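Please read it alongside the sequence and the model shown here.

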Amino acid sequence: MAREIMPHEPRIRAWFLKRRIAHDVVDELVQDAYCRVVMLETVDHIECAHAYFFSICRNLLARRLKRQQIAPFDAISEIESYRDTGTPTPEEQVATRMASERVRALLAELPERCRRIVELRKIEGWSQREIAAHFGITEKAVEKQVWVGVRAIRSGWAAIEREPEATGDSRRVV
């Protein structure tokens with residue numbers, strides 16, 4: 001939920017607000033949608049979590065508009081015909097590219113062997129066993145190198161995030 005759905009909440013809220021849905025109604029719809037997802041017995045059938053969540057929100061809004069005494073017909077037809085393509089917005093694409101560049105820069109600061117092990121494990125998807133065999137080291141050593149590398153990257157990321165605060169600059173750098 002936290003990884004696959006919640007990051008898309010601002011996009012869903014913006015979509016509701018673009019359709020002039022009141023803030024309190026948007027809050028209700030989003031919370032109701034979260035409740036519906038949490039109440040699912042299994043999520044195995046969900047291929048694209050944010051699209052599934054968006055569909056729940058859209059359907060809840062459509063039901064709400066249909067129950068109203070006077071519901072604008074064009075609003076209902078627009079909501080029912082909308083399909084989220086799952087394509088990231090240009091802003092999301094830029095943010096992802098900038099975050100990727102930041103991680104690459106932090107990776108480059110790691111010692112060579114640690115950097116290569118982290119790349120193989122986290123970027124290329126090698127198993128610990130494969131990496132251990134490739135480098136001729138134990139799986140425990142691979143695990144330790146991954147842990148050290150990821151910890152250093154997280155620490156570097158946090159330092160960059162705090163940087164504007166330290167300089168008194170109130171702008172966020174992605």
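## Handedness of a helix crossing

A crossing is left-handed if the near helix is turned anticlockwise from the far one by less than a right angle, and right-handed if clockwise. In this predicted model, the crossing of H6 and H7 is right-handed. The contact is formed by Arg113, Arg116, Ile117, Leu120 and Arg121 on the H6 side, and by Gln128, Ile131, His134 and Phe135 on the H7 side. Helix H7 covers residues 128-135, and its axis is 10 Å from that of H6, at an angle of about 145°.

## Overall architecture

The secondary structure of the protein consists of 8 helices and 0 strands, so that its pattern along the sequence reads α-α-α-α-α-α-α-α. Of its 174 residues, 29% count as buried. When contacts between residues at least 6 apart in sequence are considered, 55% of them join residues at least 24 apart.

Helix H6 has 12 residues and reaches 15 Å from its first C-alpha to its last, close to the 16 Å expected at 1.5 Å a residue. Its buried residues are Cys114, Arg115, Ile117, Val118, Glu119 and Leu120, and the helix is followed by Gly125, whose phi is positive, near 80°.

Helix H5, residues 90-108, and H6, residues 112-123, have axes that come within 9 Å and cross at roughly 145°. Here Arg104, Leu107 and Ala108 of H5 meet Arg115, Val118, Glu119 and Ile123 of H6, a set of residues that divides into 4 nonpolar, no polar and 3 charged.

## Two buried arginines

Which arginine of helix H6 has a relative accessible area of 17%? The residue is Arg115, which lies in H6, and it counts as buried because that value of 17% is under the 20% cut-off. The side chains of Arg115 and Glu119 are joined by a polar contact of 2.7 Å. Leaving aside residues up to four places away in sequence, Arg115 touches Leu107, Ala108 and Leu110.

Arg102 lies in helix H5 and is likewise classed as buried, because its relative accessible area is 8%, under the 20% cut-off. A polar contact of 3.3 Å links the side chain of Arg102 to that of Glu161.

Helix H3, residues 49-67, has 19 residues and spans 27 Å from first C-alpha to last, close to the 27 Å expected at 1.5 Å a residue. Its buried residues include Phe53, Phe54, Ile56, Leu60, Leu61 and Leu65, and among them are also His50, Cys57 and Arg58.

Ile21 is placed in the loop between helix H1 (9-18) and helix H2 (23-38), and this loop residue is buried because its relative accessible area is 13%, under the 20% cut-off. Leaving aside residues up to four places away in sequence, Ile21 touches Phe16, Val26, Leu29 and Leu61. Ile21 and Leu61 are 40 residues apart in sequence, and their C-alpha atoms are 9.1 Å apart in space, while Leu61 is itself one of the buried residues of H3.

How values were computed
Residues are numbered from 1 along each chain as its sequence is written. This is a predicted model: local features need pLDDT of at least 70, side-chain atom pairs count only at pLDDT 80 or more; totals for chains, interfaces and linings use all residues. Side-chain values use heavy atoms; hydrogens and water are left out. Axes are lines fitted to C-alpha atoms, for helices over the stretch in contact, and angles run from 0 to 180 degrees between N-to-C directions. Helices (H or I, at least four residues) and strands (E, at least two) are DSSP runs, numbered from the N terminus. Contact means heavy atoms within 4.5 Å. Ala, Val, Leu, Ile, Met, Phe, Trp, Tyr, Cys and Pro count as nonpolar, Asp, Glu, Lys and Arg as charged, and the others, Gly among them, as polar. The expected span of a helix is 1.5 Å times one less than its number of residues. Buried means under 20% relative accessible area, exposed over 50%, partly exposed in between (1.4 Å probe, protein chains only). A polar contact is a pair of N or O atoms within 3.5 Å; within protein, one must be able to donate a hydrogen and the other to accept it, and residues adjacent in sequence count only if both atoms are side-chain atoms.
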